[in-house]
Amino acid sequence: MKKATLKDIAQAANVSIATVSNVLNDRHHKVSQETVAQIQALAQELQYMPNLNAKALVTKASRLVSVLFYSGGRDFNYSDPFVASLLEGIERIARQENYYILLHNIESLEAVHQVRRQWVFAGHIVVGCDAHMAAAMIESVSEPLVFIDTYLTASGQALVEACDHVQLLNSKDYDLAYAGVELLARSQGLDLAFLSYQFDPDQAGVIQARYAGANAAYQAAGAQGNLPLYLNTKLDDLIKDLSKYRGLMVTADVLAMELVKVSQSQLGQWDSDRRLMSFDNIPYLQYLATEVNTIDLNQVHKGEEAMASLSRVLQSGQITQGQHQQYIPANLINKNLSLEGSTSHD
């Protein structure tokens, strides 16, 4: 079916294209109510859909926001419950504030600018960006930016403080990992390890902050040396060493679930006395026979606040003083550490 145009509606209503455009854009104070009703009915009958990108080019007032997930050259997993929760919050506020969302995976600065050349955006929400990429975006993207779960170097942080269109929205990953390992050590002793996705220890980032916090708590509890570190790419190494550890800090619930599954398939069972602590509090944990202590990062709320923050900047034209960095409160959910219950961390 051919897409209806303003011209089609104008011909059917026997009015000018300008009149149709004015009515559909709520500029109809000089048009009779009868004509307004006729044009609106025809637009609905013909299933007219406005070209929002073309409209934005003319009016310079886009209602389109990009949500850019940084993958760093790897395949991005959109099925991760973390992503779904974040998008739920973003979309909820976007709909409330009358914005539209375009979802995209980016791997480079050129990929960002390629998307920007195709569409007119009001602003951008960027998730999980590395420090160098984030700094490059801050210097080259003119639209307002909200970075989620993104850590910057000192020079990158200076860039943020010097501009009025960039915000950072994080969890306190270092503090939360510290609290998690502190509880594990009190309950299970120092036979602990850390399981993570791959990361560059020399760069700033979420996993780097979590391992640093976990390692600090491990040493504060009296351990000599660093907290043993295992990566998901060599999960079999941890399975071989699993009998050494009474507690494990894992950087994501999904990875904790994978560990339990692989250990059960290779060892026949999961030691019920071994304790797990991980991040995200995804809904699927309820289907796992092994209880997992988890840190609820309030991802839906984080998505809501990211979109709400961007909306506020778009309405005011700048960020409120002192609001460049925001932290979303998290809850540590203790299921089987034989200690006092849930603890909040702001």
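This report describes the fold and selected local features of a predicted model.

## Basis and overall dimensions

In this predicted model, local features need pLDDT of at least 70 and side-chain atom pairs count only at pLDDT 80 or more, while totals for chains, interfaces and linings use all residues. Residues are numbered from 1 along each chain as its sequence is written, and side-chain values use heavy atoms, with hydrogens and water left out.

The protein chain has 13 helices and 13 strands; these are DSSP runs numbered from the N terminus, with helices being H or I of at least four residues and strands being E of at least two. Its C-alpha atoms fill a box of roughly 80 × 45 × 35 Å along the principal axes. Of the 346 residues in the protein chain, 47% are buried. Buried means under 20% relative accessible area, exposed means over 50%, and partly exposed lies in between, using a 1.4 Å probe and protein chains only. Among contacts in the protein chain with a separation of 6 or more, 65% are between residues 24 or more positions apart, a contact being heavy atoms within 4.5 Å.

Helix 1 (residues 6-13) includes glutamine 11, which counts as exposed at 55% relative accessibility. The C-alpha atom of glutamine 11 is separated by 53 Å from that of asparagine 170, which is 159 residues away along the chain.

Helix 1 packs against helix 2 (residues 17-24) at an angle of about 105°, and their axes are 8 Å apart. Axes are lines fitted to C-alpha atoms, for helices over the stretch in contact, and angles run from 0 to 180 degrees between N-to-C directions. Helix 1 is therefore roughly perpendicular to helix 2; angles of 65 to 115 degrees count as roughly perpendicular, under 35 as roughly parallel, over 145 as roughly antiparallel and the rest as oblique. Leu6, Lys7, Ile9 and Ala10 of helix 1 meet Ile17, Val20, Ser21 and Leu24 of helix 2. The residues of this contact divide into six nonpolar, one polar and one charged. Here Ala, Val, Leu, Ile, Met, Phe, Trp, Tyr, Cys and Pro count as nonpolar, Asp, Glu, Lys and Arg as charged, and the others, Gly among them, as polar.

The 15 residues of helix 12 (residues 253-267) should span 21 Å at 1.5 Å a residue, and the end C-alpha atoms are 21 Å apart, which agrees. The expected span is 1.5 Å times one less than the number of residues. Asp253, Leu255, Ala256, Leu259, Val260, Val262 and Ser263 are buried in this helix. Their cover includes strand 6 (192-196), helix 11 (235-241), strand 8 (247-250), strand 9 (275-279) and strand 10 (293-296). Just after helix 12, glycine 268 has a positive phi of about 95°.

Helix 13 (residues 299-316) has 18 residues and reaches 26 Å between its first and last C-alpha, close to the 26 Å expected. Its buried residues include Gln299, Lys302, Glu304, Glu305, Met307, Leu310 and Val313.

## Aromatic pairs

The structure holds three aromatic pairs. Rings of Phe, Tyr and Trp (its six-membered ring) pair if their centres lie within 6.5 Å; planes under 30 degrees apart count as stacked, over 60 as edge-to-face and the rest as tilted. Phenylalanine 199 and tyrosine 211 have ring centres 6.4 Å apart and planes at 45°, so this pair is tilted. Phenylalanine 199 lies in the loop between strand 6 and helix 10 (206-220), and tyrosine 211 lies in helix 10, twelve residues apart. Both residues are buried. Phe194, Phe199 and Tyr211 form one aromatic cluster.

Tyrosine 230 and tyrosine 245 form an edge-to-face pair, at 5.9 Å centre to centre and 75° between the planes. Tyrosine 230 is in strand 7 (residues 229-231) and tyrosine 245 in the loop between helix 11 and strand 8, 15 residues apart. Tyrosine 230 and tyrosine 245 are both buried.

Aspartate 149 has a positive phi, near 50°. This residue is in the loop between strand 4 (145-148) and helix 8 (154-162), and counts as buried at 10% relative accessibility.

Aspartate 280 also has a positive phi, near 120°. Its place is the loop between strand 9 and strand 10, and aspartate 280 is buried, with a relative accessible area of 11%.
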